[in-house]
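Subject: Structure for you to look through, with notes

Dear colleague,

Please find the structure below, followed by my notes on what was found in it.

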Amino acid sequence: MTQITELTILQPADKEQIDLPRTSEEELAVGKKRLYIESYGCQMNFADSEIVAAVMRNAGFATTSSAEEADLIFLNTCAIRDNAEQKVRNRLKHLTGLKRQKPELLVGMLGCMAERLKTKLLEEEKVVDIVAGPDAYRDIPKLVEEAESGQKAVNVFLSREETYADISPIRLNSNGVTAFVSIMRGCDNMCSFCVVPFTRGRERSRDPHSIVREAQELFDQGYREVTLLGQNVDSYKWQVAGSEEQVAANAIPQVPSPQPLVTFANLLEMVAQIHPDLRVRFSTSHPKDITDDVLHTMARYENICKYIHLPAQSGNSRVLRLMNRTYDRPWYIGKIDRIREILGEDCGISTDMISGFCTETEEEHQESLTLMDYVRYDYAYMFAYSERPGTLAAKKYTDDIPEEVKKRRLNEIIARQLEHSAERNQRHIGQVQRVLIEGPSKRSDEFLCGRNDQNKMVVFPKGDHQKGQYVNVLVTECTSATLLGQVVSH
């Protein structure tokens with residue numbers, strides 16, 4: 001999975017905002033050690049930081065929003081691009097100065113970069129005391145104790161079972177309205193450019209009852225939107241053991257014997273049935289796994305948002321084969337056609353696109369642009385290819401496209417997407433959109449903002465409306481990134 005809900009890469013200003021890490025919040029507590037967490041990268045990392053915060057609260061820590069006030073600092077890292085790792089290394093230089101002033105301060109590295117580099121990280125970055133991979137978060141209190149004794153502490157063991165299903169995350173940077181719910185971990189796809197299978201391990205799904213329970217608790221606490229997270233949510237599956245009576249008692253949709261199977265379509269329905277006012281989103285989908293059952297379930301429930309992130313990566317079949325994406329251009333186009341057929345032209349679709357993958361020709365780059373022209377994506381996450389050590393592409397192919405060519409192709413992709421985003425937003429002018437209010441607009445407290453069904457930000461005058469409410473907004477104008485309008489009664 002590549003990024004979080006806000007991370008639509010469209011303009012330089014957007015990119016600057018994206019690259020800012022999320023940090024832990026100030027928690028009122030007396031007499032406790034203070035934990036500061038910075039989270040980089042994708043939604044899964046942000047959700048993982050909430051698990052870490054819960055684990056450390058049980059170990060006697062309270063979170064702080066200031067690195068200077070912390071006794072323990074964790075950087076939850078991303079390894080998807082070299083640029084992401086360099087940002088973390090630059091941050092460590094600042095923390096080195098902080099540690100000189102406060103020698104008892106402990107610094108830990110979590111997440112994908114920690115898993116990729118393992119003990120090498122301790123050798124390269126002397127400021128680091130603790131290294132913990134994505135499946136080692138339960139072990140962090142023990143690692144902290146070890147580090148407090150003066151030893152370097154490492155756990156990068158990858159599990160085939162760990163889902164953290166029994167841990168109730170502490171919501172960090174929460175607006176109190178929207179929340180992430182992790183439904184599975186790891187990835188089995190082995191795309192040749194991607195480091196995730198090596199840093200997050202094999203794919204495993206979480207017990208559906210724990211997912212529904214977490215979503216229900218969030219709704220009871222006032223949250224009105226959940227995003228179901230996984231590296232590849234559509235491949236979610238949970239085999240339910242037990243009698244038919246037990247299955248019925250647990251309210252799991254019936255699936256043929258001998259053992260009922262909860263698919264992603266079943267899970268979507270279970271969460272949607274919690275309450276009509278609980279919006280349901282999900283990310284990320286792999287094109288090979290999103291089924292008609294999922295699309296029909298989305299069509300059946302108004303509170304399942306009509307928005308799908310469907311990464312293409314390239315518009316050329318040969319490049320897709322080198323990427324080990326398991327589909328070709330015509331197959332992907334057929335999936336787009338099916339989405340439009342079942343969910344309509346207004347269904348929001350976003351993508352990931354990589355420029356300058358190994359051996360990509362100019363003609364093949366043009367096919368990515370023509371695919372974008374065919375689909376007309378609402379948003380896109382767009383990157384120049386960045387070779388990652390240990391991936392299949394790094395082992396098998398030469399990274400032979402010059403950087404200036406990669407950047408020029410990327411700029412062409414971005415320019416094309418800007419056109420399509422503006423065009424797709426213009427479709428909404430004159431329409432009334434149901435918007436869930438997330439809080440004040442970034443530019444003015446006189447305006448509120450929230451997202452519509454297609455995950456587009458809508459800004460409108462505040463009036464007497466409050467965060468967490470649904471309002472109907474008549475869209476009157478737009479930019480390539482935002483819809484603007486007025487609240488109407490119907």
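A nonpolar core is a set of buried Ala, Val, Leu, Ile, Met, Phe, Trp, Tyr and Cys residues that are joined through side-chain atoms within 4.5 Å, where buried means under 20% relative accessible area, exposed means over 50%, and partly exposed is in between, using a 1.4 Å probe and protein chains only. Please keep in mind that this is a predicted model, in which local features need pLDDT of at least 70 and side-chain atom pairs count only at pLDDT 80 or more, while totals for chains, interfaces and linings use all residues. Residues are numbered from 1 along each chain as its sequence is written, and side-chain values use heavy atoms, with hydrogens and water left out.

The cores

The largest nonpolar core has 73 residues, and L228, F264 and V271 are those with the most contacts inside it. Helix α10 (residues 264-272) gives the largest share of this core, seven residues; helices (H or I, at least four residues) and strands (E, at least two) are DSSP runs, numbered from the N terminus. Apart from this core lies another, of 26 residues, including I130, A136, L143 and A153. As background, nonpolar side chains tend to be buried together in soluble globular proteins.

Helix α10 is mostly covered, since nine of its nine residues are buried, and what covers them includes α8 (208-220), β11 (225-229), β13 (261-263), β14 (279-283) and α11 (292-300). If neighbours within four places in sequence are left aside, F264 is in contact (heavy atoms within 4.5 Å) with I183, L228, V233, D234, Y236, F282 and V294.

Two packed helices are described by the angle between their axes and the distance between the axes. The axes are lines fitted to C-alpha atoms, for helices over the stretch in contact, and the angles run from 0 to 180 degrees between N-to-C directions.

Helix α13 (residues 329-343) packs with α14 at an angle of about 15 degrees, with the axes 11 Å apart. That makes α13 roughly parallel to α14, a label for angles under 35 degrees, whereas angles over 145 count as roughly antiparallel, 65 to 115 as roughly perpendicular and the rest as oblique. The contact is made by R329, Y332, I333, I336, D337 and R340 of α13 and by E367, T370, L371, Y374 and V375 of α14.

Helix α14 (residues 362-375) also packs with helix α16 (residues 403-426) at an angle of about 15 degrees, here with the axes 10 Å apart. That makes α14 roughly parallel to α16. In this contact, E362, H365, Q366, L369, M372 and D373 of α14 meet R408, R409, E412, I413, R416, Q417 and H420 of α16.

Two single residues

E367 has its place in helix α14 and counts as partly exposed because its relative accessibility is 28%. Although E367 and N316 are 51 residues apart in sequence, they are 5.6 Å apart in space, C-alpha to C-alpha. Neighbours within four places in sequence aside, E367 is in contact with G315, N316 and R329.

T199, which lies in helix α7 (residues 196-200), is buried, with a relative accessible area of 1%. Not counting residues up to four places away in sequence, T199 touches C112, E115, R116, P134 and L158.

With best wishes
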